[in-house]
Amino acid sequence: LKISSYYVGAPDWRQIVDRGTMALDVALEDRVFCDANLPQANAETVVAFRREISQRVPLYKIQSRLEARHVVGEIAQLAQQRLGLLPTTVVLEYLCGATSGLDPYSAYLTADQLREVYSQIDGNFVGLGVELKAADGALLLVNIIPGSPAQAAGLKAGERIIAVDGFTTAKLNTEEAASRLQ
C-alpha cells in the first residue's frame with residue numbers, strides 16, 4: 001500500500017513480486033536463515049519448495065497491488081504448509097526484496113533502522129556519546145564526546161569494550177553492539 005501511495009511512478013507489480021520471490025529464494029538458500037527459521041525442514045524439502053515457487057509464480061497474472069498481495073499470501077501459506085515457515089517471515093522477505101528492487105534509491109528498513117533515520121533527520125541523536133570501531137574482536141572507543149553520558153561514566157578514548165550484557169563483542173557487529181549499549 002505504501003509503494004502504491006508514495007512511490008513516484010506506477011509500480012510494476014509483476015517485477016515487485018518477482019523480486020520478492022528472488023529474495024525469498026536467496027533466503028531459502030542461506031544456511032543461517034534456514035537454521036533460524038526452518039529447524040525441522042530437510043534440505044530436499046526446501047529445494048523442492050524453491051523449485052515449486054519458481055515454476056508457480058510466473059504463471060500468475062499480476063497487474064495490481066491486490067493481485068500482488070494475493071500471490072504473496074498464497075506463497076506464504078504454501079511455505080507454511082510445506083516447510084513450516086511462518087507467513088510473516090515470507091512476507092518480510094517479499095517486502096525486503098520488493099522495496100530494494102524498486103530503484104537504486106529505495107530500500108526496506110527495519111523499525112530500528114527507520115527510527116535511526118528519523119532521529120538523524122530530526123537531529124535527535126540518542127546515544128552514549130562514543131564513536132566506536134570494531135578492532136580485534138572488541139569495540140575500540142575512538143572518541144568520547146564532551147558532556148556525554150560516556151564521559152560522565154568515565155570512559156576514555158582508546159579503551160576497549162569486550163562484552164555487552166553478557167554478549168562478547170567478537171560475535172556482534174558494531175551496529176548490534178551499539179544497539180545493545182543503548
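This is a predicted model: local features need pLDDT of at least 70, side-chain atom pairs count only at pLDDT 80 or more; totals for chains, interfaces and linings use all residues.
Two packed helices are described by the angle between their axes and the distance between the axes. For helix α2 (residues 13-29) and helix α4 (residues 43-56), the angle is about 170° and the axes lie 10 Å apart. Because angles over 145 degrees count as roughly antiparallel, α2 is assigned as roughly antiparallel to α4. On the α2 side, the contact is formed by T21, L24, D25, L28 and E29, and on the α4 side by V46, F49, R50 and I53. Classified by residue type, this contact of α2 with α4 comprises five nonpolar, one polar and three charged residues.

The largest nonpolar core contains 29 residues, of which L24, L28, F49, I75, L85, V90 and Y94 touch the most other members. Two or more residues of this core are contributed by each of α2, α3 (31-37), α4, α5 (65-83) and α6 (87-100). The greatest contribution, eight residues, comes from α5. When neighbours within four places in sequence are set aside, F49 is in contact with L24, L28, I75, L78, A79, R82 and L83. A second, separate core is made up of eight residues, among them L139, I144, I161 and L172.

Most residues other than glycine have a negative phi. Phi of D136, by contrast, is positive, near 55°. D136 is located in the loop between β1 (130-135) and β2 (138-144) and is exposed, with a relative accessible area of 77%. A positive phi, near 50°, is also found for D165. The loop between β4 (163-164) and β5 (167-168) holds D165, which is exposed at a relative accessible area of 63%.

How values were computed
Residues are numbered from 1 along each chain as its sequence is written. Side-chain values use heavy atoms; hydrogens and water are left out. Axes are lines fitted to C-alpha atoms, for helices over the stretch in contact, and angles run from 0 to 180 degrees between N-to-C directions. Helices (H or I, at least four residues) and strands (E, at least two) are DSSP runs, numbered from the N terminus. Angles under 35 degrees count as roughly parallel, over 145 as roughly antiparallel, 65 to 115 as roughly perpendicular and the rest as oblique. Contact means heavy atoms within 4.5 Å. Ala, Val, Leu, Ile, Met, Phe, Trp, Tyr, Cys and Pro count as nonpolar, Asp, Glu, Lys and Arg as charged, and the others, Gly among them, as polar. A nonpolar core is a set of buried Ala, Val, Leu, Ile, Met, Phe, Trp, Tyr and Cys residues joined through side-chain atoms within 4.5 Å. Buried means under 20% relative accessible area, exposed over 50%, partly exposed in between (1.4 Å probe, protein chains only).
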